[in-house]
Amino acid sequence: MHPTHAARALAAGCALAALTLLSACGGGDHKERISRTTAPVRPPVRDAQVGALPGMPPVLDPADVYAADRPNRLSPAVKDFPSRVYVPNTNSDTVSVIDPKTYEVVETIPVGRQPQHVVPSWDLKTLWVNNDKGNSLTPLDPRTGKAGKPVDVHDPYNLYFTPNGKYAIVMASLDRELVFRDAHTMKKVKAVPVACGGVNHADFSLDGRYFIVSCEFSGDLLKVDTERMKVIDRQKLPLAGAMPQDVKVSPDGKRFYVADMMANGVWTLDGDTFGKPGFLPTGKGAHGLYVSRDSREMYISNRGEGTISVFDFPANRLTKKWRLPGGGSPDMGGVSADGKVLWLSGRYDSEVYAIDTRTGTELARIPVGGGPHGLAVYPQPGRYSLGHTGIFR
């Protein structure tokens, strides 16, 4: 939760052809999951597409939604982009650009008022800066690092994209709406009112048919039908004062994880049944969720205590906890293309942390502007983006 929100509360055909080509050649480093017999066997990818969202690129592996995110597997669309870390500074109205090789800020870009997140577009070609109180989106060209003309969009706290690349979804927190817009022009298509406060983060099901949304101010979760653009279910988390934040689906697509900064841990629930959630204590101010490049682990930033918890998916338990030396306020970020570094903004310390994903060692602490929030590491592996600071499939 960011301080300013707390105060208020109190091109598609070509792109798909390219994606289909990538999906056809991208699964070479996975173990085959079908036993070899003389009887004909249907390919698992086709099974996974039965009932999938129309127009969504086929999953590479039905047992792993992150199969396209392996180390350095960059799409041809981004392979020539310079590697950078883009940090929106909500209190400075700027984006700090970090060279991850030198750990230095190489440029500071003025943007609109109160930038919250830097979001990769579905087609990977643009980075959208969400200027929340500026009521605009600033496009950044990741090839040149140059900012384009801002696009008028009201209350863009966060931004997602439907898995078929048809719509952008603006998380209009103050307006209490999910606003579906054309993914390229950002022209409004449909505004969906929500009966909860502070819509902010989301993730999609394996088949793309629905997504789960967190509402930080009212402690609710929503289930939204992607194609119908309609809220189909809602539940209040079973804790007074719950404040859900980031959302991530498990690699097998069977579970959703929701960080909660007031519960100091992560809620877990079955997205299909949308039943009562379980709970996993992690640390004070649990906030961001990031999956490792091998899909085995999830990094959980505990903003209130300066730690990162590591959750093992196959073992279904927490295995490690890394503490930032001297403390800090680890918030939002992403994993480097090679999977070796976790990048997180220091929300209340005007800094960014680079953390070794093998040992938890702090590699660098880099001064940036005031109130750094949803930083994006770019480019990253994947065929297309679902938004936020980089959810790739």
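**Figure 1. Overview of the protein chain, with its 3 helices and 28 strands.** Helices (H or I, at least four residues) and strands (E, at least two) are DSSP runs, numbered from the N terminus. This is a predicted model, in which local features need pLDDT of at least 70 and side-chain atom pairs count only at pLDDT 80 or more, while totals for chains, interfaces and linings use all residues. Residues are numbered from 1 along each chain as its sequence is written, and side-chain values use heavy atoms, with hydrogens and water left out. Of the 393 residues in the protein chain, 59% are buried (buried means under 20% relative accessible area, exposed over 50%, partly exposed in between; 1.4 Å probe, protein chains only).

**Figure 2. Close-up of the cis peptide bond from Y378 to P379.** Here omega is near 0 degrees. Look for P379 in the segment after β28 (376–378). For background, most peptide bonds are trans, and most residues other than glycine have a negative phi.

**Figure 3. Close-up of N135, a residue other than glycine with a positive phi.** Its phi value is near 50 degrees. You will find N135 in the loop that links β5 (127–131) and β6 (136–140). With a relative accessible area of 28%, N135 is partly exposed.

**Figure 4. Close-up of M186, a residue other than glycine with a positive phi.** For M186, phi is near 65 degrees. The loop between β10 (177–182) and β11 (188–193) holds M186. Is this residue buried or exposed? M186 counts as buried, at 2% relative accessibility.
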